[in-house]
Amino acid sequence: MAKFLVVDDEQKIREVIKEYAEFNGHDVTEAADGLSAVGLCKLNDYDIIIMDIMMPRMDGFTACKEIRKIKDTPIIALSARSEEDDKLLGFELGIDDYVVKPFSPKELMARAGAILARRENEIQPAEELQFDGLTINIAAREVLVDGEKVELTPKEYDLLFYLVQNKNIALSRDKLLSDIWGYDFFGDDRTIDTHIKNLRNNLGEYRDHIVTLRGVGYKFEA
């Protein structure tokens, strides 16, 4: 059983999601706006958050940004807006998936299940990995640059850890999208390239460990 936080200003949508989630054996907490969601996340731990974007008091993007300051909980964004820039903004803020309204509740549960399964099955080596002044601890989900902790979005952590676990191996953009974003992801090369750019910026002088393979993808060069 997983603990869901469902955030949407439309009660009927919350009820539908809750019905399907509870049918699949999960526990559901509801919130009607982003501000309430942030407050709940400060008090409780959830396994996954389903967050509408356009809400009163505090919109979903702002709520995601605030939650990411305190929690690493996977987030699925719901929105009536299907523009690519909105989706990319969401991923830059650290969401794990983006679902456009109207949506299929069964598909939403499948996406949530895939995210939860990946979290549960992640390889978590206990030892720290050292690459020059770059220290990576996958079990603790912690990255240090010259001893200073670097704050990454959840997907940036996942991307870096995946690259490190497959160090010195060429990885195509399609494989990165499939293995990290997973189930029926809508994205394209821009999604990977945007995350790589942000990740490199966070790694500072050790950015060159992530090598671009023209026409192929990327690799982490140890």
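Which residue lies over the face of Tyr46? Lys3 does, at 5.7 Å from the ring centre; a charge is counted as sitting over a ring if NZ of Lys or CZ of Arg is within 6 Å of the ring centre and within 35 degrees of the ring normal. The model is predicted, so local features need pLDDT of at least 70 and side-chain atom pairs count only at pLDDT 80 or more, while totals for chains, interfaces and linings use all residues. Residues are numbered from 1 along each chain as its sequence is written, and side-chain values use heavy atoms, with hydrogens and water left out.

A pair of aromatic rings is described by the distance of the centres and the angle of the planes. Rings of Phe, Tyr and Trp (its six-membered ring) pair if their centres lie within 6.5 Å; planes under 30 degrees apart count as stacked, over 60 as edge-to-face and the rest as tilted. Two aromatic pairs were found in a search of the whole structure. In one of them, Phe131 and Phe220 are arranged edge-to-face, with 4.9 Å from centre to centre and 70° between the planes. Phe131 belongs to strand β6 (residues 129-131) and Phe220 to strand β12 (residues 217-220), so the pair ties together parts that are 89 residues apart in sequence. Helices (H or I, at least four residues) and strands (E, at least two) are DSSP runs, numbered from the N terminus. Phe131 is buried at a relative accessible area of 10%, and Phe220 is buried at 0%; buried means under 20% relative accessible area, exposed over 50%, and partly exposed in between (1.4 Å probe, protein chains only).

Tyr157 and Phe161 form a tilted pair, with 5.8 Å between centres and 35° between planes. Both residues lie in helix α6 (residues 154-165), four residues apart, which is about one turn of the helix. Tyr157 is buried at 6% relative accessibility, as is Phe161 at 4%.

Side chains of opposite charge can pair when their charged atoms come close. The structure holds 17 salt bridges, each being a side-chain nitrogen of Lys or Arg within 4 Å of a carboxyl oxygen of Asp or Glu. Among them is the bridge of Lys71 with Asp45, whose closest N and O atoms are 2.9 Å apart. Lys71 is in the loop between α3 (60-68) and β4 (75-79), and Asp45 is in the loop between α2 (34-43) and β3 (48-52), 26 residues apart. Asp45 is exposed, at 54% relative accessibility.

Asp96 and Arg68 form another salt bridge, at 3.6 Å from N to O. Asp96 is in the loop between α4 (84-92) and β5 (97-100) and Arg68 is in helix α3, so this pair ties together parts 28 residues apart in sequence. Asp96 is buried at 2%, and Arg68 is buried at 17%. A network of salt bridges links Arg68, Asp72, Asp96, Arg141, Lys155 and Asp158.

Most residues other than glycine have a negative phi, and most peptide bonds are trans. A cis peptide bond joins Lys101 and Pro102, with omega about -5°. Pro102 is in the loop between β5 and α5 (105-121). Arg57 has a positive phi, near 70°, and is placed in the loop between β3 and α3. Asp132 has a positive phi of about 55° and lies in the loop between β6 and β7.
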